[in-house]
Amino acid sequence: MLIVLITPPPVCEEGRRALAISLYGDNASNKLSERTNEATGEYAKACIETAKEMGVPYIDLWSKMQETDGWKKKFLWDGLHLTVDGNAVVYQEVIKVFNEAGLSADNMPFDFPDYTEIDHKNPETSFQQNVCDASL
């Protein structure tokens, strides 16, 4: 089993404010950003320190994403949630950690069925199947 700690991505406070204005209009001043990039950076720092103390790999999304010019709009669609490009960064970093650990994502078994294989009328049966044959 590979345990990997992943920091939160950065937060774009301007994007959060723009979302509040789009949702609440004149009342947006009462709905100012509930999250700041500074506070998120403190969480990221604690995550990295914990990973180092535990001797497990980590992915520093908070720093990695901010290395790219225009990261606020490129990686965050509303200042908080990831865009397609933001999710691609997560994927690339996870694959990098897997490769460094000698794992291949393409060869890893699934614990659960692919969403295309789920019977939406009776989903319980899809999850009762033993999808992963890997021994623990």
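Student: In which helix is Thr40 found?

Tutor: Thr40 is found in helix 2, residues 37-54. Helices (H or I, at least four residues) and strands (E, at least two) are DSSP runs, numbered from the N terminus. This is a predicted model, where local features need pLDDT of at least 70 and side-chain atom pairs count only at pLDDT 80 or more, while totals for chains, interfaces and linings use all residues. Residues are numbered from 1 along each chain as its sequence is written, and side-chain values use heavy atoms, with hydrogens and water left out.

Student: Why is Thr40 called buried?

Tutor: Buried means under 20% relative accessible area, exposed over 50%, and partly exposed in between (1.4 Å probe, protein chains only). Thr40 has a relative accessible area of 12%, so Thr40 is buried.

Student: Which residues does Thr40 touch?

Tutor: Leaving out residues up to four places away in sequence, Thr40 touches Pro8, Pro9, Val11 and Trp62. A contact means heavy atoms within 4.5 Å.

Student: What lies 2.8 Å from a polar atom of the Thr40 side chain?

Tutor: The backbone oxygen of Thr36 lies at that distance.

Student: How do you know whether Leu103 is buried, exposed or partly exposed?

Tutor: Its relative accessibility is 31%, so Leu103 counts as partly exposed. Leu103 is found in the loop between helix 5 (84-100) and helix 6 (123-128).

Student: Which residues form a nonpolar patch with Leu103 on the surface?

Tutor: Leu2 and Met108 do, and the three residues have about 200 Å² of accessible area together. Like charges are joined within 9 Å, and nonpolar side chains (Val, Leu, Ile, Met, Phe, Trp, Tyr) within 5 Å. Accessible areas come from the Shrake-Rupley method with a 1.4 Å probe; for residues, only the protein chains shown count as cover.

Student: What makes Pro113 buried?

Tutor: Pro113 has a relative accessible area of 13%, so Pro113 is buried. Pro113 is also found in the loop between helix 5 and helix 6.

Student: How many disulfides does the structure hold?

Tutor: The structure holds 0 disulfides. A disulfide is a pair of cysteine sulfur atoms within 2.5 Å. Cys12 is buried because its relative accessible area is 6%, and Cys47 is buried because its value is 13%.

Key
Patches are made of residues with over 30% relative accessible area and no salt bridge: like charges are joined within 9 Å, nonpolar side chains (Val, Leu, Ile, Met, Phe, Trp, Tyr) within 5 Å. A salt bridge is a side-chain nitrogen of Lys or Arg within 4 Å of a carboxyl oxygen of Asp or Glu. A polar contact is a pair of N or O atoms within 3.5 Å; within protein, one must be able to donate a hydrogen and the other to accept it, and residues adjacent in sequence count only if both atoms are side-chain atoms.
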